Amino acid sequence: MSPPNGPSTAGTITALPVAEQILEPSPAAKLRRRVFGHAGVTIGAGVLLVIIAVALLAPVLAPFDPLDQDLTQRVIPPVWHEKGSWEHPLGTDQFGRDYLSRLMYGARISLLIGFVAMLISGFIGTALGVAAGYFGGRVDMVVNFIITTRLSLPVILVALAVVSIIGNSLWIVIWVLGLLIWDRFAVVMRSSVQQVRDLDYVAAAKALGCSTTRIILSEIMPNIVNNLIVVATLEMAHAILLEAALSYLGLGVQPPAPSWGLMISEGKGMIFFDSWLIGIPGAALFAMVLAINLLGDGLRDVTAPENRN
Amino acid sequence: MLQYALKRLAVAILVALTVSMVTFSLLHLTGDPAIALAGESATQEDIENIRRVYGYDRPFLVQYANWLGNALTGDFGRSHYLKTEVADVVFARLPTTMILGASAITFAFILSIPLGVLAAIKPNTIFDRLALTLAVVGQALPSFWFALIMIFWLGIQWRLLPISGTESWQNFIMPAIALGYYVTPAIMRLTRAGMLEVLASDYIRTARAKGIRPGTILFKHALRNAIIPVVALAAVQFGFMLGGSIVIETIFAINGLGFLAWESIQRADLPMMQAIVLVLACFYIVLTYLADMLNAFLDPRIRVG
Amino acid sequence: METILEVDGLTVDIPVAAGMLHAVRDVSFTVRRGETLCIVGESGCGKSLTSLAIMGLLPRKAIRTARRLSFEGVALDGLSERRMGDLRGNRMAMIFQEPMTSLNPSYTIGNQLEEMLKRHRKASTREARERAIFLLEKVGITSAASRLSQYPHQLSGGLRQRVMIAMTLMCDPDLLMADEPTTALDVTIQAQILLLLADLQREFNMGLILITHDLGIVARVADRVAVMYAGQIVESGTVKQIFENPTHPYTQGLLECIPIPGKTPPGAHLGSIPGIVPALVGEQRGCGFAERCGYAETECAARAVDFRAAPDAGHVYRCVLTPDRSAANHRAGSAV
């Protein structure tokens, strides 16, 4: 709030700020308390860590080879059904492949695609957004135009079409997604840079003659990196869901890879009697994306509560 | 206001043109359309023939100019597969997707706006937590999985709703929910945030000091201001839904543009794919333009200036 | 002149992270019809919260208590929110400090003016419109009829504040509270708005509570003055009494801060009161001003200080010093 302008200050009293008589914990301690006290962050991070651990240790933990077919063990229900057994705790699919193992290996696919696509789109989007936010003017106009054009394209359709033409492999899917979902990065980074660009310490750096690159990297980026992290987690979840949709439609990861979306697609024909075939991978997807979203939302709350919405 | 409208219109047209070029390039440059069309067992001669017949041997820009020129007159070429005019098929199937999209956004509004308002009136209470939980859960649910779950419970187990086709309005209920729930969290959060901000503003305090009734304050004074950004978001989300309808339409066998896109992709029907992407993109551009105009109209500071 | 507002022992507590904030402590005053009471104090002394407490517009978390809080004989603390809503804008009205943001940007001036009469008097649009035009002209806005269809953003700050004043008068209230109505305006406009308020008060025979931190305004407009410090009223009396015979050390200090052309030597230090306002969180003990007071004695910080009467009638102050000693101190030199 700006101080009142104009009125004669004769005979008026301006108060000095009220002294903080209660000792406050250090900013680092406060942040730590906020991070761990925040349910979303702890739950999200916890679940995500478990999933990552399972994915990394899949070769060790998985009881079977996920691609191993055993036609004598087809469509066995999970252990909680009367016909299930602990040999295949999550049952088997129509090719006799162990569902638990496929689930574990599927986590690797989702995490890999989500992570790398997020990196690619993050790089593109951040570069565009920072350029637009920092330089303004024509650069901003051009970047905005590019963003609007990208937003006008129906992402799933374009991704499907491109993949259908080029061919679907793991890395094609990753690159197509990465090249398509950078818009949120660009928008958020642009507005973050705009907010920071006119602050005093940037002006000071400019006055000292720092190069533009230096200013962007050492003055501006550290202050907006928290926004970047929040968007990165949310876009990773976004990429995972997109890959699942693409795989479900048959234009994502190729069979027999245990992509969760693909598993749902393969199981949908048997929805009537063996609903767990779609229930389990779907629940896994849901849990993973939920954890990442909770983490992202939580990080946003914790680092900038005023952005909470 | 007129100036603003014209300026935005110019931008919209420019974006549309760029999108058309991007669409055309993407589908032509990412692979050889002749090869895709010819199929796996084609000989080199077959491929060359195809190239000549369909004009794929001409320079890229010439092809683009031809296509664009034709498209502007409503001629999207002929479908490779169906042997009919692309435009006929696309515009025949468009209304179905429109109905689906409209039902979905209606569902989203019915769910999200009251929730958002309620969460804002009672912040940090159980209602607020409930609304936010719903939002978080909604954003994590894969749409195709949600659709399958609904089919399983509502369609198969309890036999409440039909699970495919488009015979009656009931056919659209599950698809509308499956398509609409994904945008519900964003709209709800924006409504809640907007309402929270507006309710804390000075003019709401003035309204209370004037003795205006709480209901009037909420709807006449607060929501009217808070809804402005929601309108813009809704248009954007509607555009996304049109694009994302492909998944829902294939699951529920709804004969709309999304399903057509799916079929075209499977058949490498290039002209059809191009047309669909362009039509949907143009819809999005028109929608965001209209949303911009509605925004400007709702905000007297822009309308009257 | 009849008393329209009686405030006795008004207290506002707000729970904050660090404890309980005692923002308003045992505030008492009365306002009569046709009288202007100025509540004076620095930022954070609780004067705004006092007026919000009377209107029932405190933040949700705030706790209001009072021995007596009655308006035109009706006890306000027992009233339901619904009944309060009937009173607000109708019998008691309030103007706030920021005219730029106090009007709804999405509706015309006319709409916002007329809605008051429709709400409280069930008036027709025509009647409401006529009254709106009448009042807009009263507050000095020309071509009032065409102004009705304008939006707030089309008016300057001064004009908006006039519209706000007109709005408060729509239902002919008996009590008007103005919380720093001119602070956000240019100096030249300030005088006009204040004179306008004074004229309107006379014409409509209202009680006026004017909250301000500007002693110049107080001298010009007030009938009675209440000086607030750290949530309490430390001195109250007629404007003449306060200015000619300030008895509380804080009041004395305030008046000494005003440079007087002719008396204050150029280049001399302007008066000031060293120290800062105490934090009002947690238990308050003793006089809030003790730490900054030049005449503080050990008992000042120890126990709560009650009001003491000054020799002139109706003039009270909250200090341990007797009026003679205080007057002697004041003559001798600065109070701080």
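Two residues are in contact if their C-beta atoms, placed from the backbone, lie within 7 Å. Axes are lines fitted to C-alpha atoms, for helices over the stretch in contact, and angles run from 0 to 180 degrees between N-to-C directions. Helices (H or I, at least four residues) and strands (E, at least two) are DSSP runs, numbered from the N terminus.

This is a predicted model, in which local features need pLDDT of at least 70, side-chain atom pairs count only at pLDDT 80 or more, and totals for chains, interfaces and linings use all residues. Residues are numbered from 1 along each chain as its sequence is written, while chains are lettered from A and ligands numbered from 1 in the order in which they are written.

## Chain C: the sheet

Start with the strands. Chain C holds an open sheet of 8 strands, in the order β7-β8-β9-β3-β10-β11-β13-β12. Its pairing is mixed. Two strands pair if DSSP finds at least two bridges between them. β7 (92–95) and β12 (308–309) of chain C stand at the edges, each with a single partner strand, so one side of each has no neighbour in the sheet.

Which strand pairs with β7(C) in the parallel sense? The partner is β8 (residues 175–179) of chain C, and the pair has 4 bridges. C:Met94 has C:Met177 in β8(C) as its bridge partner. Helix α6 (residues 157–169) of chain C lies across β7 and β8 of that chain. α6(C) runs at about 170° to β7(C).

## Chain C: the domains

Domain bounds come from an automatic or database domain assignment. Chain C is divided into domain 1 (1–83 + 174–336) and domain 2 (99–170). Taken over C-alpha atoms, the centres of these two domains of chain C are 31 Å apart. The contact joins 10 residues of domain 1 of chain C to 10 residues of domain 2 of chain C. On the domain 1 side, helix α7 (residues 187–204) of chain C gives the largest share, 6 residues.

Residues also fall into classes. Ala, Val, Leu, Ile, Met, Phe, Trp, Tyr, Cys and Pro count as nonpolar, Asp, Glu, Lys and Arg as charged, and the others, Gly among them, as polar. The side of domain 1 of chain C that touches domain 2 of chain C has 10 nonpolar, no polar and no charged residues.

Chain B has 14 helices and 0 strands. Its C-alpha atoms fill a box of roughly 85 × 55 × 30 Å, taken along the principal axes.

## Helix pairs in chains A and B

Two packed helices are described by the angle between their axes and the distance between the axes.

| Helix pair | Axes come within | Crossing angle |
|---|---|---|
| α8(A) (residues 183–197) and α10(A) (residues 212–248) | 10 Å | roughly 160° |
| α9(A) (residues 200–207) and α10(A) | 10 Å | roughly 155° |
| α9(B) and α11(B) | 8 Å | roughly 155° |

Angles under 35 degrees count as roughly parallel, over 145 as roughly antiparallel, 65 to 115 as roughly perpendicular and the rest as oblique. A crossing is left-handed if the near helix is turned anticlockwise from the far one by less than a right angle, and right-handed if clockwise.

Take α9(B) and α11(B). They are roughly antiparallel to each other. α9(B) passes α11(B) in a right-handed crossing. Residues in the contact include B:Leu190 and B:Val198 of α9(B), with B:Leu223 and B:Pro229 of α11(B). The contact has 13 nonpolar, 4 polar and no charged residues.

Now turn to chain A. α9(A) passes α10(A) in a right-handed crossing. A:Tyr201, A:Val202, A:Ala205 and A:Lys206 of α9(A) meet A:Ile215, A:Glu219 and A:Ile220 of α10(A). These residues divide into 5 nonpolar, no polar and 2 charged.

α8(A) also passes α10(A) in a right-handed crossing. Among the residues that make this contact are A:Phe185 and A:Met189 of α8(A), and A:Ile224 and A:Leu228 of α10(A). By class, the contact has 9 nonpolar, 3 polar and 3 charged residues.
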